[in-house]
Amino acid sequence: MKFKTFFWFVAPSVFMMLLFIAAPLISVFIQSFQITQPVMQQIEVETCTPGFLTQTCVTEVKTVPVINEETGRTETTTAWVGFQSYQNVLQMDKFWSAIGSGNWGEILQIDFWKALRFTLMFTLVTLPLVIGVGLMIALAVNNAAKSLRGPVIFVSLLPFIITPVIGSLSIYWLFVGDGILTATLERWTGQDIAMFAQAWTIELLMYFYRVWHVAPFAFVIFYAGLQTVNMDTLESAIIDGASRFERLRYVIVPHLMPLIIFIALIHLMDCYRVFDEIIGFRSQAHVISLQWLTFDFLTPDDAGNRAISRAAASAMLTMVGIVILLILPLRRTWRDHKGGAH
Amino acid sequence: MYLKKLALAGAVSLLGSTAFAACSYENEVPLKSLTAGFEAWKAVTDAMAECGNFQAELDQEFRTKQPAAFEANPSLYHIGGVSNGTITPLLNAGTIRPLDDLVEKYGQNLSPNQLIRVDGQIMAVAMMVNTQHLMYRSDILADLGIETPSTWDEVFAAAEKIEEAGVVDHAIGATMKSGWNLAQEFVNMYPGFGGAFFNADNTTAVNSEAGMKALDTMKRTLEFTDPEVLVSDSTYVQQQFQQGKIAMANLWASRAGAMNDENESTVVGKVSMAAAPMAMDGGAPATTLWWDGIVIAANITDEEADAAFRLAMEGMDAEMVQGANEAAIWLVQGYEPGPLAEGAVATATANPAPPAYPSTTQMGLLHTALGNELPAFLTGERGAEATLVAIEEAYTTSAKEAGVLE
């Protein structure tokens with residue numbers, strides 16, 4: 001393809017990427033090193049609020065922002081603060097003192113590290129499960145009778161169609177309190193079951209939900225890949241006396257390897273941003289994720305305060321985390337590509 | 001053209017026949033409002049809509065939308081529904097206007113009690129009060145011969161008897177969903193033990209003896225609640241009551257009406273209201289007082305403000321209250337406190353009275369810090385003292401960032 005043609009093909013998407021991905025990223029990067037705060041003043045204010053029959057008035061010294069007479073907006077100052085917001089998120093001093101004193105558990109009481117622990121574990125536990133389950137469904141469908149394949153594909157794709165937040169809410173409603181499934185389990189085992197009362201049951205449900213939700217995606221990709229397996233190689237393997245498992249291990253899996261890497265890449269990126277499960281399961285008391293942490297910093301409280309700088313720092317840290325996770329599979333894809341060019 | 005006229009005529013005649021029926025005048029200025037979405041607001045905005053040309057947005061996420069929407073010029077809404085917690089960002093940014101002249105013009109039916117004054121100027125008009133107070137199953141307590149508890153110790157004693165009798169799944173329900181709800185439980189309990197939230201220099205004072213006692217009481221509650229209490233918000237507790245699963249809860253007065261809703265509730269007429277329990281003898285009930293009311297945006301023309309306030313007064317009149325007497329503890333004339341209001345009235349008129357929820361920038365920050373740090377204590381991951389230190393640190397970090405601490 002001529003360079004000019006190529007350029008005009010990709011120009012719109014490059015423009016969009018610069019506008020909607022690169023520019024916000026740079027802005028967040030800059031904000032993570034800045035703090036913008038209103039100029040505050042202390043004034044004595046008398047506030048009257050209703051009781052039931054009478055009014056109570058209190059006079060107190062309040063700290064309120066200064067409002068600029070001309071613009072009518074609050075005056076703010078912006079200062080460069082270096083890595084202070086990162087320090088506020090990471091709390092390295094507490095981290096090191098926990099390591100120094102040997103109380104490793106204390107690390108997990110710092111929000112960021114607590115979130116990182118779960119996010120990493122969530123990503124790494126679900127990854128092999130998604131690939132494994134996806135591959136199993138693909139093999140099963142591939143071996144099913146032709147007349148059954150259509151309906152089976154349709155049914156196995158259903159979980160993927162559900163909006164993630166709705167899916168996690170459904171699981172929550174099935175299990176919370178006396179939800180249908182909890183009630184059934186309780187009747188069956190005769191024990192009082194509370195799935196949302198401790199961290200490990202919530203985490204289990206989250207793993208289960210994510211695998212259930214994403215496995216169909218892996219399945220579709222693998223199923224397409226299975227159609228391109230070289231039949232000659234397979235037949236010669238059968239003639240050589242390879243068992244079913246050996247054919248899978250030495251013929252099919254190597255053939256699907258680029259797809260496995262592809263799914264791993266997508267899954268790592270998606271999972272590291274785990275968020276819907278936290279909101280859907282209301283698990284903030286027990287389990288939080290990095291993305292939720294950023295969201296929490298950004299949510300204004302009743303007085304309208306948001307921790308924008310810390311949110312920016314935490315977002316940057318999340319991105320760094322994804323990049324580190326992706327280095328391994330990306331290196332492999334890159335090597336494969338280089339090999340393919342010969 | 002002819003068609004358009006015909007359609008318009010049809011629309012106007014329709015409006016004329018039904019919509020304007022209950023309004024004393026016809027509103028000609030297009031107006032919009034953004035308020036919370038609970039029953040009382042529905043009643044008020046419905047009454048306003050009767051005057052025409054009015055669009056109401058009822059949204060429980062109003063608190064995150066309101067500051068930015070009112071800062072726009074012209075403001076995206078004319079009328080805002082606020083509580084003493086959520087008025088702070090609007091006051092701080094100066095995006096709501098003083099109402100003194102409008103009250104003089106249209107506010108003949110307001111009682112002085114409704115006028116929220118900040119520094120002498122009327123900044124909001126309250127329509128109802130809200131508070132968390134004790135709701136209990138009077139039939140169960142009567143069966144077991146338990147007096148209505150007036151302190152938390154009595155609540156726990158009653159809870160023990162109820163659990164022994166095994167008449168409900170869990171003796172106590174609590175709005176302890178981690179985040180805002182859980183923090184509010186502490187904000188109720190802590191002043192009940194005589195604690196002050198802040199020192200004079202804006203640092204927080206929660207790391208104190210009263211703080212320890214408040215945490216202790218909250219933890220004792222867990223013995224009698226659903227093990228999943230850290231996901232339960234007001235609606236969840238309300239449903240537990242309605243389904244007969246709990247016997248007592250310190251719940252919002254605005255939820256009382258739902259107990260007698262025959263479509264949802266299995267305990268119609270069996271739930272009574274009493275003052276919020278005291279944390280210590282001779283103290284105030286361990287709760288905070290809230291009000292809900294309306295504000296008018298600053299960034300609109302005076303004509304619009306005039307029309308908006310007039311409309312709001314029409315929505316908050318005696319006629320509206322008579323149609324929705326049970327929806328709230330109204331401050332509006334014509335309200336007749338029924339049995340459902342007993343608890344709220346007893347709480348608000350107690351001596352000493354519980355404090356109003358403080359509407360300050362610092363309180364917003366502390367509320368967030370509480371909501372994030374308390375769960376670790378209640379799940380047992382962290383001790384009480386360490387939790388209070390963590391709250392203090394979290395508050396200090398965000399207060400420095402927000403510029404209220406040096």
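Helices (H or I, at least four residues) and strands (E, at least two) are DSSP runs, numbered from the N terminus. This is a predicted model, in which local features need pLDDT of at least 70 and side-chain atom pairs count only at pLDDT 80 or more, while totals for chains, interfaces and linings use all residues. Residues are numbered from 1 along each chain as its sequence is written, and chains are lettered from A and ligands numbered from 1 in the order in which they are written.

1. Among the buried ones are B:Tyr236, B:Val237 and B:Phe241. Their cover includes strand 5, strand 6 (170–173), strand 7 (246–252), helix 11 (256–259) and strand 8 (271–274) of chain B.

2. Now the contact between the chains. Here 58 residues of chain B are in contact with 45 residues of chain A (two residues are in contact if their C-beta atoms, placed from the backbone, lie within 7 Å). Elements that each supply at least two residues on the chain B side include helix 3 (62–71), strand 5 (121–137) and helix 16 (384–402). Helix 15 of chain B gives the most, with ten residues. By class, this side of chain B has 24 nonpolar, 25 polar and nine charged residues (Ala, Val, Leu, Ile, Met, Phe, Trp, Tyr, Cys and Pro count as nonpolar, Asp, Glu, Lys and Arg as charged, and the others, Gly among them, as polar).

3. Please look at the strands too. Strand 2 of chain A (residues 40–50) pairs with strand 4 of chain B in the antiparallel sense, over two bridges (pairing needs at least two DSSP bridges between two strands). A:Cys48 stands opposite B:Arg117 of that chain B strand.

4. On domains, whose bounds come from an automatic or database domain assignment, chain B has domain 1 (14–128 + 290–339) and domain 2 (131–288 + 347–402). Contacts join 13 residues of domain 1 of chain B to eleven of domain 2 of chain B. On the domain 1 side, helix 2 (39–49) and helix 4 of chain B each supply at least two residues.

5. Chain A is divided into domain 1 (1–31) and domain 2 (104–340), and 29 Å separate their centres, taken over C-alpha atoms.

How values were computed. A residue is buried if 20 or more other C-beta atoms lie within 10 Å of its own, exposed if 12 or fewer, and partly exposed in between; C-beta atoms are placed from the backbone.
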